[in-house]
Amino acid sequence: GAATSSSGAAALSERAVALAAAAGPVELDAAPLAASLDDRYGRRHTYLRISLTERCSLRCTYCMPADGVSLTDARRLLSAEELLRLAALFVRAGVDKIRLTGGEPTVRPDLAAVVGALDGLRPLGLRQIAMTTNGVALSRLLPSLHAAGLDKLNLSLDTLQRGRFLELTRRDALPKVLRAVDAALALGYTPLKLNCVVMRGVNEHEVDAFAALARARPIDVRFIEFMPFDDNDWSDSKLVPSAELLAALSQRQPGLRRLRTDAHDVARTYSWPGAEGSVSFISSMTEPFCGGCNRLRLTADGSLKVCLFGGSEISLRDAMREGASDAQLLALVSSALGRKHARHAGLASPHDIARTKNRPMTTIGG
């Protein structure tokens, strides 16, 4: 069993690396190749988020309904070879950071092989391979992922209380996630980012406990505003604005100072003198950061989304299966970016986003 799985993963990695190496240059000159990832507002998209699966080991209330979501037929999901062809294409066009998401990426049995194959794209310009995970299965997988080339980690964790974790995720798995935090820090994943979706009446009173964690360990706790997606029961009454959180935290734990971060960073980051870590605020709803957006999303079924909140998509899977060349695929990407809006898919308010048909977060890719 284990030996067979390991040899299969190695074979996938070898095939994928060979595929990337054999891909060769795209049939375009260098200048238009780079420009194919620009939009009409001059934003260059160098960050690709790839959803590896729609499946998840948790059932978080803000992400999917209690009975789960309808999953895409496996035949309509990207194969490993299709996924890696697209990854190589995007890297040759200028993407230098890839993040693996889901669903939950660790439920995919060939995860380490996929990471290893992506690691083979570094000579083409890939600089960073990151992953967002719920951490439930991470402890046992992390050594192989680290060896395969995984650079950065984000763990989703919305509460430090076991009972509330069960209520929020419908699974009793907090001890496993906390072990994953320890394992990640031990392997040098610092700063380790913890993504915490803050919801009024649910977990906003845990902000100080998370801040204490950030002060004591090299962890960046990222407080994320509650965002509307299909079937996640969003309402503005549950939304806690980042400005409110920051003001309250600053009053209770004085000395917070703003840190300098990358211009494309979605978070505003703060720390205290002498602290090991930091706290960040992602204000998607109240203070959008669309002006610096450099992100593209590839869903598990091969659709390209140029905005998280927009319902419009283009199927690169269908184009590939109909015989599209790399140049034709890039033309589709460029066309989609040419229609990208300046902010929030052209929607005026969180209420408009909530009313717009999209996907559940688990099938978009977190």
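The chain exposes about 15400 Å², and carbon and sulfur atoms supply 53% of that. Areas here are Shrake-Rupley, run with a 1.4 Å probe; for residues, only the protein chains shown count as cover.

Before I go on, the ground rules. This is a predicted model: local features need pLDDT of at least 70, side-chain atom pairs count only at pLDDT 80 or more, and totals for chains, interfaces and linings use all residues. Residues are numbered from 1 along each chain as its sequence is written, and side-chain values use heavy atoms, with hydrogens and water left out.

Overall make-up. The chain has 13 helices and twelve strands. Those are DSSP runs, numbered from the N terminus: helices are H or I with at least four residues, strands are E with at least two. Of the 366 residues, 52% are buried. Buried means under 20% relative accessible area, exposed means over 50%, and partly exposed is in between, with a 1.4 Å probe and protein chains only. Now contacts, meaning heavy atoms within 4.5 Å. Take those between residues at least 6 apart in sequence: 73% join residues at least 24 apart.

Next, helix α5, residues 138-148. Its buried residues are L138, L141, L142, L145 and A148. Seen down the axis, they fall within an arc of 125°, so they line one face of α5. That arc is taken over the directions from the helix axis to the C-beta atoms. What do the buried residues of α5 pack against? Four elements are on the list: α4 (111-119), β3 (128-133), β4 (152-156) and α7 (174-186). The face turned away carries exposed R140 and A147. Just after α5, G149 takes a positive phi of about 125°.

On to the rings. A pair of aromatic rings is described by the distance of the centres and the angle of the planes. The rule covers Phe, Tyr and Trp (its six-membered ring): centres within 6.5 Å, planes under 30 degrees apart for stacked, over 60 for edge-to-face, the rest tilted. That gives three aromatic pairs. F223 and F281 have centres 5.7 Å apart and planes at 45°, so this pair is tilted. F223 is in strand β6 (219-225) and F281 in strand β9 (278-282), 58 residues apart. Both are buried. Y270 and F281 are edge-to-face, at 5.8 Å and 75°. Y270 lies in strand β8 (268-271), so its pair with F281 ties together parts eleven residues apart in sequence. Y270 is buried too. Ring pairs link F210, F223, Y270 and F281 into a cluster.

The charged end of K97 sits over the ring of Y47, 4.4 Å from its centre. The test is NZ of Lys or CZ of Arg within 6 Å of the ring centre and within 35 degrees of the ring normal.

Last topic, salt bridges: a side-chain nitrogen of Lys or Arg within 4 Å of a carboxyl oxygen of Asp or Glu. The whole structure has 18. D39 and R43 meet at 2.6 Å, N to O. Both are buried. R217 and D182 come in at 3.0 Å. R217 is in the loop between α8 (207-216) and β6, D182 in helix α7, 35 residues apart. R217 is partly exposed at 28%, and D182 is partly exposed at 39%. R252 bridges to D208 at 2.6 Å. R252 lies in helix α9 (242-252) and D208 in helix α8, so the pair ties together parts 44 residues apart in sequence. Finally, R85, R92 and D326 are linked in a network of salt bridges.
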